[in-house]
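User: I'm new to this one and would like to learn how to read its features. Could you take me through them step by step?

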Amino acid sequence: MSVAGTFNTTVKSPMGDQAGTFTVVDNGDGTFSGNMAGGMGSMDVEEGKVEGNTLTWKMNMTVPMPMTLDCEATVDGDTLTGNVNAGAFGAMPVSGTRA
């Protein structure tokens with residue numbers, strides 16, 4: 001099954017659960033593009049890579065403070081699980097289901 005799709009996600013952050021919509025567009029060449037949209041705005045995927053069913057990417061967060069998020073997730077059927085690494089704040093679990 002393709003990693004591409006739209007996933008309803010939850011990131012377990014220090015500020016509580018953050019719900020969002022993660023869109024993955026598989027570019028077919030080992031890269032992907034997309035974005036994460038939620039209550040704190042939208043962030044574009046940067047440096048998106050696809051290896052098998054594992055995604056790695058970065059996002060530049062601006063709210064509530066500017067920082068680069070390093071992300072990794074695995075797509076298993078209609079389920080997405082992984083971590084969002086927020087620097088000094090550590091790794092925050094992310095999970096989602098295909099919309």
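Analyst: Let's begin with salt bridges: a salt bridge is a side-chain nitrogen of Lys or Arg within 4 Å of a carboxyl oxygen of Asp or Glu. Side chains of opposite charge can pair when their charged atoms come close. Here, the side chains of Asp 17 and Lys 12 form one, at 3.2 Å from N to O. A word on the source: this is a predicted model, where local features need pLDDT of at least 70 and side-chain atom pairs count only at pLDDT 80 or more, while totals for chains, interfaces and linings use all residues. Residues are numbered from 1 along each chain as its sequence is written, and side-chain values use heavy atoms, with hydrogens and water left out.

User: How many salt bridges does a search of the whole structure find?

Analyst: Three. Strands (E, at least two residues) and helices (H or I, at least four) are DSSP runs, numbered from the N terminus. Then there's Asp 78 with Arg 98, at 2.8 Å from N to O. Asp 78 sits in the loop between E7 and strand E8 (79–85) and Arg 98 in strand E9 (residues 91–98), so this pair ties together parts 20 residues apart in sequence.

User: Is Asp 17 buried or exposed?

Analyst: The general idea is a scale: buried means under 20% relative accessible area, exposed over 50%, and partly exposed in between (1.4 Å probe, protein chains only). Asp 17 is exposed because its relative accessible area is 52%.

User: What about pockets? Which residues lie nearest the centre of the largest pocket?

Analyst: Picture a 1 Å grid over the protein atoms alone: a pocket is an open set of points where a 1.4 Å probe fits, with protein on both sides within 12 Å along at least five of seven lines, and lining residues have an atom within 4 Å of a point. Its volume is the space filled by probe spheres set on the points, which are joined across faces, edges and corners. In this model the largest pocket holds about 510 Å³ of space. Its lining has 29 residues, and Gln 18, Met 40, Met 43, Met 61 and Val 63 lie nearest the centre.

User: Where is Met 40 found, and what does the surface patch with Met 15 and Val 63 look like?

Analyst: Met 40 is in the loop between strand E3 (32–38) and strand E4 (41–44). At 37% relative accessibility, Met 40 counts as partly exposed. Patches take residues with over 30% relative accessible area and no salt bridge, joining like charges within 9 Å and nonpolar side chains (Val, Leu, Ile, Met, Phe, Trp, Tyr) within 5 Å. Met 15, Met 40 and Val 63 make a nonpolar one, with about 270 Å² of accessible area together.

User: Which bond joins Val 63 and Pro 64?

Analyst: A cis peptide bond, with omega at about 5°. Pro 64 lies in the loop between E6 and E7. For another backbone feature, look at Glu 47 in strand E5 (residues 46–51): its phi is near 55°, a positive value in a residue other than glycine.

Key. Areas by Shrake-Rupley, 256 points an atom, 1.4 Å probe, with all protein chains shown as cover.
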